[in-house]
Amino acid sequence: MRERTPASKRGPAEAGRPADRIGSGEPALTSIGRQPASTAVETVQAPPAHIAVVMDGNGRWARRRALPRHAGHRAGVRAVRALVEACAERGVGILTLFAFSSENWKRPRGEVGKLMGLFVEALQREVDELKRNGVRLRFIGDRASLSAILQARIADAEALTCDGDRLTLVVAMAYGGRWDIAQACRRLAIDAREARLDPAQVDIDTVRRYLELGDLPDPDLLIRTGGERRISNFLLWNLAYTELYFCDVLWPEFGETHLAAALDFYAGRRRRFGRLEEQGDHRVEKC
Ligand code: FPP
């Protein structure tokens, strides 16, 4: 990753603040880079503030090369590195990656063991550079189900990078959307029982606070590689109004041009959040 520019010298989107909005009066970014905005509204879009990714296709990538599945996962880590760098460069504030689902525990023991080893190794290798580059790491998922060593690495990485203000990298590990909603209900019910919460006051924002993403804004764009068109139990609550982008490229091959295509798709979306078309231009607005 390139060395980071100090926060004081960066623009609003780079500094991790909400991305530019059309008509905000601030300089806008194009959908494919950081050139100055042209006057044509159609081609000038802010990047999504939050991108979520289902990284699918490592196994097939390896099989096509007559390599073991593990080689595909290793190549997948390299693609993660490139994506983190590209998102930081483009002013995306939050990147959430589905690294290991609640359901992935059902894979053969050998593959699960190697994946867990890869996570420990990647954390150890990358965390210092992530810190140097202003990336804040945050983990979501059932961390109690992970090995003691991985839990320790996760806690260390979160503590070491806690002041990163350029990009928040959320890694979903042992995560499932249904598990997330269930754990939120459980904690909420306990707080109600202990009189820390009035059940009559529970609303959408209350539930959101108990979910794993907590105070982070919902993803604006979900990218899924590998050809499947489904959510696979990822952020079920938080994807309610997310734009969904599916592509056939296998995860280890996902690079700059694929990200640019996903951002172009996003830039062309009209986000109405339940309102009417005539209530305004909603291409990048939030409710
Ligand atoms: C899906 O491909 C991928 C996974 C289950 C693991 C994803 C993990 C990584 C990319 C490792 C790096 C992640 C981090 C955050 C360090 P698949 O095995 O289901 O592929 P297939 O559908 O082709 O079999």
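Two residues are taken to be in contact if their C-beta atoms, placed from the backbone, lie within 7 Å. Among such contacts between residues at least 6 apart in sequence, 71% join residues at least 24 apart. The model is a predicted one, in which local features need pLDDT of at least 70, side-chain atom pairs count only at pLDDT 80 or more, and totals for chains, interfaces and linings use all residues. Residues are numbered from 1 along each chain as its sequence is written.

The chain holds seven helices and six strands, where helices (H or I, at least four residues) and strands (E, at least two) are DSSP runs numbered from the N terminus. Their order along the sequence is β-α-α-β-α-β-α-β-α-α-β-β-α.

Next comes the interior. Of the 287 residues, 35% count as buried, meaning that 20 or more other C-beta atoms lie within 10 Å of the residue's own, also placed from the backbone. A nonpolar core is a set of buried Ala, Val, Leu, Ile, Met, Phe, Trp, Tyr and Cys residues joined through C-beta atoms within 7 Å. The largest one has 55 residues, and Val84 and Met173 have the most contacts inside it. Strand 4 (residues 167-175) gives this core its largest share, eight residues. Leaving aside neighbours within four places in sequence, Met173 touches Ala99, Phe100, Phe119, Phe139, Gly141 and Leu146 by the contact criterion.

Phe119 also takes part in a helix pairing: among the residues of helix 3 that meet helix 4 are Met116, Phe119 and Val120, and their partners in helix 4 include Ile149, Leu150 and Arg153.

Key:
A residue is buried if 20 or more other C-beta atoms lie within 10 Å of its own, exposed if 12 or fewer, and partly exposed in between; C-beta atoms are placed from the backbone.
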